[in-house]
Every structure is written in C-alpha cells, then in structure tokens.
Amino acid sequence: MSLVPYALARPFLFGLDPETAHDLTLGALARVQHTPLVCTVAQPRVDDPVTLAGLTFPNRIGLAAGLDKNGRCIDGLGAMGFGFIEVGTVTPLAQPGNPKPRMFRLPDARALINRLGFNNDGLAAFIANVKRARTFRKRGGVLGLNIGKNAATPIARALDDYLTCLDGVYPHADYVTVNISSPNTKNLRALQSDAALDELLAAIRERDRVLARQHARKVPIFVKIAPDLDDDAVGLIAAALKKHRIDGVVATNTTVARDAVRNLPHGGEAGGLSGAPLLAASNQVIAQLRAALGQGFPIIGVGGVMSGADAAAKIAAGADLVQIYTGFIYGGPGIVTESARAIAAAR
C-alpha cells in the first residue's frame, strides 16, 4: 500500500469508529493476503539484518502485538516491509474483552486509548491461523507470538494460563512474548512485582527447558513490561530477567498516565494510552534497562514511534529492535520503510 492510497483511505477509516475501522481493515487484508491483490499493500523490505537471541531479523522494524490479536493477517502485514511481526495477545480460551466502546482516537496528540482487554478467539483458533501463514516466514520474516491470561482466571492462577499458552504456541513461534503489562486485565500488572515475577519467570523458564527438549529447538522467551514503573521496579525486573536467563525484554506496553492528554476529548477514558505521548516514558525505561542489563541483552523498544526519527531515537535509547503500532495507524505502511531506513542510516 503506497502512501497515496493510504492517504486516500485514511479520511474514510478515521470517519469510522476506531474498532470498526480496525476490524474492516484486518478483514480486507485477510481476504487479499494470499491472492494476487496482495500487491496493493506490498512494499519492498529494507535490508538491514541483525542477529539477536539466535534469530536473524531482516531489518529492525516490527509490528507490535495487539493489532492482529488472532494472527489472521501475518502474511498480509508481512508484505508491508516488516522485518518481524508479533501477533496476539492470545489467551487459552476465547473471550470478548471489555464492553464497547473501548478504543478512542486522540488525533491532536497523535495517540490512541484502548481498553480492549485481550479480546481474542482463543488458543486453538490462534494456532490454526498461525499455521496458515506461509509467505512471511518463508521470505525470512521473524514471527513472535504474544501470550496472556484469561480475564476470568484469578491472578493467583495466572501461571496456569501462561503455561497452557506457552505449550500451545511454542512449536509455531520464532519467539514468544509473555505479556504481564497490559493495563486492561484486572491485576495483571501485579505480576511485575518482585515475588510474583520471580515465581512466574522460574516456572516459565523451567517449562521452556522441557519444551526445548521436546521439540528439539530453543524458542527465545521475551517479557513485555509497562512504562509506569519507577527506577527501583525497573531494576528489580532487570535483575529477575538475568536471574532466570530470560532471552529478552519488550519495553514498553501502553501507559495509564494522562498528563499529555488530560484536557483533550477522550483524554480521560480508562485504558492504555499509546502513540506520541508515550515516546519519552518508553525511552526512559529502555535506557534504564540497558544500563541495568548491559550490552548484549536483547531489548525490543516499543511506544510512541510516529516517524523514522522516533524509531532511531529508540535505538539510541538502547533498543536493539523497534516495534510500531499507533504510528502505523496514523501514518500507514510508509512508516515501516521510513523507520527501517532511518535506523540503518543512523548506524
């Protein structure tokens, strides 16, 4: 999809309810991705390979989890030039998520607020969709599968859900991300606390060892954390990641802070804020993680990337790879190429 067609489509899409526009776009992409019409959304992929966690990424720009929760459009999205794509968050059982409306645009801030709540079709449907994808990975793209817990599962039993999902996705993933940082599932972020995180990571790591032997391949495990953490909390998380030999970290999820949007329409809606206002907070966490983890520990930076310059700033803050979501919604596929080129030019 060149910039011109997206520029024409954007006013129509932005005239719709955000979730309706999202569903319409993914539905159309799912229909064309395995047909010759995929050429209408395809663009060349910038060649800027890097090897991290034992994986070779064709370039450093990826799609963040949350846009394609059910993994329906891996090949269609992959045609847009991404070096890697992360789909999910998936939960063991299908769930509808939170009541609608639950997604809001804040165009004056180039931001979104969502409280979707891990709405998805469940693990079995997710795996079936992942198995149908065939062209993106065949052409060298890297696929991450993002896992979470069902809203109805008590936080004390959250580990059961994560292990169920890990068992299911492990044979089909290039890497797995354990999402403990969405603000839209009650008490989920409590799993980032010291004792809870230690217990979760110990169990995840042990299951990872079992699965690696069973499938004769090691799948890297990443953990996705929130931006709303103080220095001490970031330090404790970094120590836990190293202690349990987790393969990488995704920083960060959406924020519950509202300082930048409080006076805007929809600025007071509950949920996670993404987009331009998240850039500085996300970069701060990335810098803190890099200082605590040292060089060589893989960090995927996400949050507030609205331009190529923002993507390069993520790398400068300490990230190895960069994911986009809200910038993709506002800017269209052109931001993929722009960001990949900016990162390559900055090194």
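G308, D310, A311, A312, K314, I315 and A317 are the buried residues of α10; buried means under 20% relative accessible area, exposed over 50%, partly exposed in between, with a 1.4 Å probe and protein chains only. Helices here are DSSP runs of H or I with at least four residues, strands are E runs of at least two, and both are numbered from the N terminus. The model is predicted: local features need pLDDT of at least 70, side-chain atom pairs count only at pLDDT 80 or more, and totals for chains, interfaces and linings use all residues. Residues are numbered from 1 along each chain as its sequence is written, and side-chain values use heavy atoms, without hydrogens and water.

Just after α10, G318 has a positive phi of about 135 degrees.

Now the charges. A salt bridge is a side-chain nitrogen of Lys or Arg within 4 Å of a carboxyl oxygen of Asp or Glu. The structure holds 13 of them. One joins D320 to R290, with the closest N and O atoms 2.8 Å apart. D320 sits in the loop between α10 and β13 and R290 in helix α9, so the pair ties together parts 30 residues apart in sequence. Both D320 and R290 are buried. Elsewhere, R205, D208, K218 and D247 are linked in a network of salt bridges.
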